[in-house]
Amino acid sequence: MITSHEISLAQHCIRHAVSSGASAARVSLNKTVTDSYTILNGELDKVSHSADRSIYIYLFVEGRYGTFSTNRLEQNEVEDFIIKAIEMVRMLGEDNCRRLPDPERTAKDALTGRELGLFDDRYFSLDSEERLASAMKLSKYAGIRQREEGFRLISEECEYSCTADDNYVADSNGFEGRHSETTFGTFSEMTIEDPEGCKYSGYWWQTCQKYDGTDYGIGEKALQRAVSQIGPKKRRSGVYRMVVDSTVSSRLTSPLFTALNASSIQQKMSFLEGSIGQQVFPAGMTLMDLARTPGKNGSRLFDTEGTATKDAPIIENGIVRQYFVNTYHSEKMGIPATVEDISRPCLMPFIKGRDLQDGEKEVSLEDILKLAQNGILVTGFNGGNCNPVTGDFSYGIEGFAFSKGKITHPVREMLITGNIMELWNDLLAAGTDARPSSRWQIPTLAFENIVFSA
Amino acid sequence: MYTKNYYTDLFKVTETQLQELTGTALAQGGDYCDLYFEHTTFFNLLLKDSIVSSGGFHTDFGVGIRVLKGEKTGYAYSENTEMKDMLGAAKAASAIATGSATACRQYHPVENRSHDLYPMKENWREKGANAFLPFLTDLEKAILAKDNRIVKVIIRLSDSVSDVLMYNSLGELTFDTRPMGSVSVTTVFQQDGKTENKSVSRSFRIGAEFIGPALLNEIAEEAVKGIDQRFEAIRPKGGQMSVVMGAGASGILLHEAMGHAFEADFNRKGQSIFSDKLGQRVCPAGVNVVDDGTVAYNRGSGNYDDEGVPAEKTYMVKDGILCSYLHDRISASWYGVNPTGNGRRENFRYNPIPRMRATYMESGNADPEGMIASVRNGIYVDEFSNGQVKIGEGDFTFFVKSGFLIENGRLTAPVKDINIIGNGPQALADILAVGNDLKIDNGTWTCGKEQSVPVSCGMPTVLISSLTVGGE
């Protein structure tokens, strides 16, 4: 991965920038190697190998700021590149809020990149035959063709990929940080046709940082998701309870993180402006950023500026505890800096009107369906958007109607419309079933009073 | 327009080396291989809080090598053009085949291209940031002068120039230089304690002559257009209703409802809802739908696609009949037709796949006002952001940023922030009228099927009898 020569080059870039007129500089050197194998209907369809190497250079020149990158890393080329970059920054407007993070706030414990245990050295010992064999193991095509009943398998596409990422960040204040991780990813998509000639597709995937954690059974899950959609029925427009499966529930937290970012707030593009310290979410709702959990996807010891991450509450018992504030917006808005953005959000279990104790039993999708009794289970979103200024949203959905806590039939071509803050204030339950391999640990959710159009 | 030597010098490759690379790539028996050399420079400026307080430039350089064996693909790339690294990538890509070497055809460069769709009068690379700073500050002033409710203006100017050299085992050498200039503006307004925002963008394959007073006035005008309605807008009562799609950006309907489903890779694999519909009626008679790579200066255009195939105007639907899918070389070979110039990629790191370019419906005969007048209860929509489609099921959505209710044939209350959902074949069959006012939308449309590529879309005013509209 990143070599000592490349680290020397990154350090040289900082020195060269400062000696050429920059008051401060940060560099981020990235290397990524990915091998992927795609299997179509049981046969190898595509093999690809990629190896990327690039350097990002952040320049602070006389109160001005610019960002530059190149993948041409010969020393003389990079030196010329930096000189031209400094010339450009000098042309920009002065904004004295631009500066490096205070050295007190930068991470001191990301020295090798391996501290969080996200890199599996097994990556280096895998040869192309083993990778191809792993990809072929994903395919269930032949077996499924022999047991088609009530459907015909049109196509199966599987992909196996393994990636090694290495990132080295340093700045002219002496910060150095490194983050390395491997990712072993599997994906399967099944397209089937029912006896009436209607097509349905289902997909499933898994990512993990360890080779031994690879799940080769995802094809069956993808097929199950496709078959379960056969025979959708129309459902009338109306106000229903909504359960959102943990595979897609993060879609509803995403607008919150955008709104909690100081960049949005400073530009008056946030429906959470002025919410810090306020209870704007339901009592009992807690969302943590657990950035420093070893071995977990999404963990990191420093953000893109080099600021040390922390395990910290973002929303605690319904009260907003933290905006995401980088150095620039801290200066601009006169508020303390935190981190640039969320790393590994974890929504804690929640049941409206009930105090959940630490270690209380697990709350599954089935538990939440029983709790909600009647409504619509959302298993996929189809387009839609959330207005960052007002929080008004409208999303296409697909999923299942449920009654008395049991799924009854699939539904599709439906829409949900409302306001994201009103939605979260109608939170009925949050489970404990976030997918272990996901970066965002958002479990199955249930909401009341959701307007469905059909 | 540059000559062949400009590109071979830039990438430091010779005719002999190109042939050696294709020979190595086919050493294990592939049927076809191609090389895609790319050098792209990006430049951007950002104005916020009345200061152009950040900007930068970025350089990307490399070569992608693809080997085809039947419909199977081997792909690898190198971020430099040192022969040993390119040969390594060629060997990696060759792994898709296992057999004996395939012969390559003789080298023959295509010196006279059939199109010159985006000649640059002023090359972006020869301009410094200074050349554009007055435009940004003047644009901000012009916008602020138009409405005293504005509290923030954010302006982004970006440009790129890509030099591309393509060579393949058929011996064909082609080259192109592709500029792109984009300006986008977000304006935030406050009135009586309420906040609303409005975004506008323009993007073309054009040189730096793009930046000037005409563009400034056009964007400033649109940055404040319709903001009164936005403060008054309501959410309609949701459900199925007639929808009049205004001319221009409504082309997103075509992109989502049919364009993706007509991309031939989905059809070759049997995954698209339109897989078995070639030659069949999919729209009412008289409807023509085009995917066009030849619109001068258009964001989706290319003199060649990313497989070296010359641009063409492809009719997907003619007089209501599905007459062609959108092909890259793989699907064209599989279907036994000529490629349609739709083999596109994000950059040299990706293999090309069938992608749209500028997708639009040709004008019909209907009077747009008459269409609105014919609707008793429905909705008129004219401004959009994102969309999505499920290829197999054909269910598509697009997000409406603004429009109006139609009540008894008249536009009444403004509406905003609603999603619309429908099913592709049904929506196309439900087209009741096509207006005589085709308009191409020149915003910063980007399609995200596996890779991001610039596209555009357009449509005349169209009346659809029934779609499901989100609402309260």
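Which domains does the domain assignment of chain A give, and what are their bounds?

Modeller: This is a predicted model, in which local features need pLDDT of at least 70 and side-chain atom pairs count only at pLDDT 80 or more, while totals for chains, interfaces and linings use all residues. Residues are numbered from 1 along each chain as its sequence is written, and chains are lettered from A, with ligands numbered from 1, in the order in which they are written.

For chain A, the assignment gives domain 1 (4–227) and domain 2 (238–453), such bounds being taken from an automatic or database domain assignment. The C-alpha centres of domain 1 of chain A and domain 2 of chain A are separated by 25 Å. Their contact, counted where C-beta atoms placed from the backbone lie within 7 Å, takes 23 residues from domain 1 of chain A and 17 residues from domain 2 of chain A. On the side of domain 1 of chain A that touches domain 2 of chain A, two or more residues come from each of β4 (152–171), β5 (176–193) and β6 (199–208) of chain A, where helices (H or I, at least four residues) and strands (E, at least two) are DSSP runs numbered from the N terminus. The largest share of that side, three residues, belongs to β6(A). Sorted by class, this side of domain 1 of chain A holds 10 nonpolar, seven polar and six charged residues, with Ala, Val, Leu, Ile, Met, Phe, Trp, Tyr, Cys and Pro counted as nonpolar, Asp, Glu, Lys and Arg as charged, and the others, Gly among them, as polar.

Chain B can be set beside this. Its assignment gives domain 1 (4–231) and domain 2 (239–470), and the C-alpha centres of these two domains of chain B lie 23 Å apart. Here 38 residues of domain 1 of chain B are in contact with 27 residues of domain 2 of chain B, and β6 (172–191) of chain B gives the most to the domain 1 side, with seven residues.

Chain A also touches chain B, in a contact that takes 51 residues from chain A and 63 residues from chain B. Strand β2 (residues 43–61) of chain A contributes the most to the chain A side, with nine residues. A:His49 stands opposite B:Ala76 in β3(B).

Definitions and conventions: Contact = placed C-beta atoms within 7 Å. Pairing = 2+ DSSP bridges.
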